[in-house]
Amino acid sequence: MNNAVNDGVWSGTWVAERLGLELVGDDQLDDLLGLALRRNPKRAHLLVSNVLGKHVPQTPSVVYGHGFDLGRRVRELLGDEEAARAVVLGYAETATGLGHCVADGVGLAPYLHSTRRPVAGVDQAGGFEESHSHATSHLLLPEDPALLRGDGPLILVDDEFSTGNTVLNTIRDLHERYPRSRYVVVALVDMRSAADAGRLADFAAEIGARVDLVAAASGTVRLPEGVLEKGQALVARHESAAPAAPAPDGRVERVDLVWPRAVPDGGRHGFTPDHRARLESALPAMAVRLAEAIPGDARRVLVLGFEELMYAPLRLARELEQAVAAEVRYSTTTRSPVLAVDDPGYAIRSRLVFPAHDDPADGPGERYAYNVAGAGFDAVVAVVDSAADTSGLHAPGGLLAQLAAHAPHVLLVVVPSYVPEPPHVPERPAMLPEPLRGPAFSSYAPEEVGWLLQDLSDVTLEAPTEEREEAIQSGGAHYAESLPVEYQPSEHYQQLFHAALATSADRIAHAVGVVTETVLAERAQTRGRTRSGEADAARPVLVSLARAGTPVGVLMRRWAQFRYGLELPHYAVSIVRGRGIDANALRWLAAHHDPADVVFVDGWTGKGAITRELADAIEEFEESDGITGFDPEIAVLADPGSCVRTYGTREDYLIPSACLNSTVSGLISRTVLRADLVGPHDFHGAKFYRELAGTDVSVDFLDTVAARFAEVVDAVDVAVKELLSADRTPTWEGWAAVERISEDYGIHDVNLVKPGVGETTRVLLRRVPWKILARAGAGADLDHVRLLAEQRGVPVEEVDELPYTCVGLIHPKFTRGATGADGRAVTV
């Protein structure tokens, strides 16, 4: 027997011929619907969708595509502004997955579906009746009751509309509690009569709301006299001939997909765009784990969902299509009792019957899986939630045994049932504060950056450079436990800064444009969206590594605003070499944004120590907190060390913000991590040097570079196009060069070698320099370096074929490393 309902015969023929039914409507109606019979005192016939993924196994991309396309039509109808205020509501059990797909198509709206499963501790926010169904009570159990209280459009999604009664009951119940001005009704097929359609219009006028209808196709079923009685007689006659199930013969194997933490299994309690983004990022890895468990010689694979759990299995099936060579189909089990007739003109060719296995509130009963038996599936992936992973599921007559009787391989996937936390959870003892912002903290405008730091301005942390160096390299202190005395630039040095800024503003603007456009392009590709059309839904969250990354993050934010009108969130966080990133800052970010949207930003790379530090810190954070999604990749303005994939340039040239300390970084010190000042629930600290406002050039630097944006747009577009098609794999050439220099100069400690213009400047401003290596022929980029070296009595040695423009060497008389937590050199 072949259950693919497309044997050249319409899958409604058998019912139509015997009962005299006539399906009339759009040309595509026969492709979307078949007919079957069921034991129901109100309506004997059943419209069986070929694209819903409930009764008929269908290609996952077809199922998802129909719902997603309907969602796109709704978004076009509403417009982006109204769509962002909307809520999508799907109907249990048949349309829970369809409604979720519609919500994906809308893209901006949270999703909720009704349920027939009460959940302890979750208050009911509404309910309604489905008049023609065999099971009528629908509950609404949102985790956040405010989901239904908004005044934006409510989008109601069902697989078919036959009378419109279900929609009327829903709107009536919800409108009394949460009135709103607009509703949108969505269905695969609209099968109402003209009279029923008129009832909906009259009802909309009665409540004073607008009601729109969006459907993939429309038509109606013409019913002859006495059709209900004839149908019931047919059901009684054929049910007695149902074949017995064979004995199980297949193997059952459990597969752990590592479902993402805090992502609901569906929309029973609400599913937000943030949840959607987290699921999207986790799906490819889960599909790979599933594909690895499927036998390599499998030709046909069925992913079988479980009653209301339709969306998660559908998305897994859709990803699996891309991961295996086998033909993949998708359907779900159901409560709905339908007659099975093995005839190509009938929509339900076979059925499996098994006991309910999720301890339903309405008591035990039969459940069904249609068109699975005899369909030739080599493997069946049964996806249930953890509430349904009971002894009944594994019992001899249970679902798994029934599947094993018809498929040689059965894989069980259990998705954790999402249960909302109690509504009044006590707050943690220490709640993380909101970010610090200018002018109270930093000289930047408040919208430019939020500092995830604590203000230590009143604490004396500075120590003379030589004392710090000795304490650090002797192992007596970590470099982040104190601050160097802020360098006060001479008039000559300030002139060099302004001259360097004037001559380099164009190339800095170009690099800012390139790295920002690269970030936006990569994020748009990840999200499957375009930068200009739907950047709102995929906008990155810029997180600068304080403090050198902060001016770059502000400039990237300004570029996105200049080019696309985007207001990108931007924060600055602390990362300490040898001690990792501020975990509390990551917790704050995860609580307010999708970690997958975060892009870490820094000024430049040297040998790549911070790149490695961040990757290790993120891995440690995931293990300790269970929060995943942060990408440790860093976007930098300049990558002379070839340590990252996302950069504005790989040339080693002067970035003027590297010439100074706080006076070009919003008057903020470098960050501080000391146990007596920073507790386990505190952000890392920093100081705001208000007293240096007279020499502050932070905003001048930003304004000068941003003023060149318009001049470099065309060149940026050309560069980005070339960059996106190029191989940007890091080569770590800088690291290799540093190791050579460390050995050639008898230092034997890579931590004392600081490559690149930026790092060399830091050595001269903050550390005890030994000598400066300068590439032969280096020009104005090193004017400020030569001046600082002269002021500190440090020799500048010109070197041929130096891979960087310059390299700063810290005085090797302190033989222990100056940057590792334990004082040792960083190792690969």
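A: In this predicted model, the count of aromatic pairs comes to 13. One of them joins phenylalanine 271 and tyrosine 311 in an edge-to-face arrangement, with 6.2 Å from centre to centre and 70 degrees between the planes. The two residues belong to distant parts of the chain, 40 residues apart: phenylalanine 271 is in the loop between strand E11 (251-255) and helix H9 (273-293), whereas tyrosine 311 is in helix H10 (residues 311-323). Both phenylalanine 271 and tyrosine 311 are buried.

Alanine 262 has a positive phi of about 70 degrees, although it is not a glycine. Most residues other than glycine have a negative phi. Alanine 262 is partly exposed, with a relative accessible area of 39%.

Five strands make up an open sheet with parallel pairing, in the order E11-E17-E16-E12-E13. E11 and strand E13 (327-332) are the edge strands, and each of them pairs on one side only. From one strand to the next, the twist averages 20 degrees. Within the sheet, strand E12 (residues 300-305) and strand E16 (residues 379-385) pair in the parallel sense over 4 bridges. Leucine 304 has alanine 382 in E16 as its bridge partner.

H9 lies across E11, E16 and strand E17 (409-415), and runs at about 155 degrees to E11. H10, the helix of tyrosine 311, lies across E12, E13 and E16, running at about 175 degrees to E13.

Proline 439 lies in the loop between E17 and strand E18 (450-451). A cis peptide bond joins glycine 438 to proline 439, with omega of about 0 degrees. An aromatic cluster is formed by Phe441, Tyr444, Trp451 and Phe688.

Another cis peptide bond leads from alanine 546 to arginine 547, with omega near 0 degrees. Arginine 547 has its place in the loop between strand E22 (541-546) and helix H16 (549-564). Most peptide bonds are trans. Serine 642 has a positive phi of about 50 degrees although it is not a glycine. Serine 642 lies in the loop between strand E26 (634-638) and strand E27 (646-649), and is buried, with a relative accessible area of 5%.

Aromatic rings also meet charged side chains. Arginine 612 lies over the face of tryptophan 735, at 4.5 Å from the ring centre. Lysine 771 lies over the face of tryptophan 770, at 4.6 Å from the ring centre.

A second sheet can be described next. This open sheet has 4 strands in the order E29-E32-E30-E31, and its pairing is mixed. Strand E29 (753-755) and strand E31 (796-799) stand at the edges with a single partner strand each, so one side of each is left without a neighbour in the sheet. Neighbouring strands here are turned by 20 degrees against each other on average, direction ignored. E29 and strand E32 (residues 806-810) pair in the antiparallel sense over 3 bridges, and valine 753 stands opposite leucine 809 in E32. Helix H21 (residues 733-744) packs on the sheet and touches E29, strand E30 (769-775) and E32; the direction of H21 makes about 140 degrees with that of E29.

Two further details concern helices. Helix H6 (residues 165-177) packs with helix H7 (residues 194-207) at an angle of about 10 degrees, and their axes are 11 Å apart. Angles under 35 degrees count as roughly parallel, which makes H6 roughly parallel to H7. In this contact, Asn165, Val167, Leu168, Ile171, Arg172 and His175 of H6 meet Arg199, Leu200, Phe203 and Ile207 of H7.

Glycine 105 is found in helix H5 (residues 96-106) and is buried, with a relative accessible area of 0%. Leaving aside residues up to four places away in sequence, glycine 105 touches Phe68, Gly71, Arg72 and Arg75. Glycine 105 and arginine 75 are 30 residues apart in sequence, and their C-alpha atoms are 7.5 Å apart in space.

Technical notes
Residues numbered from 1 in each chain as written. Predicted model: local features only at pLDDT ≥ 70, side-chain atom pairs only at ≥ 80, totals over all residues. Heavy atoms only, no water. Pairing = 2+ DSSP bridges. Axes fitted to C-alpha atoms, helices over the stretch in contact; angles between N-to-C directions. Contact = heavy atoms within 4.5 Å. Phe/Tyr/Trp six-rings, centres within 6.5 Å; stacked < 30°, edge-to-face > 60°. Buried < 20%, exposed > 50% of the residue type's maximum accessible area, 1.4 Å probe, protein only. Lys NZ or Arg CZ within 6 Å of the ring centre and 35° of its normal. Parallel < 35°, antiparallel > 145°, perpendicular 65-115°, else oblique.
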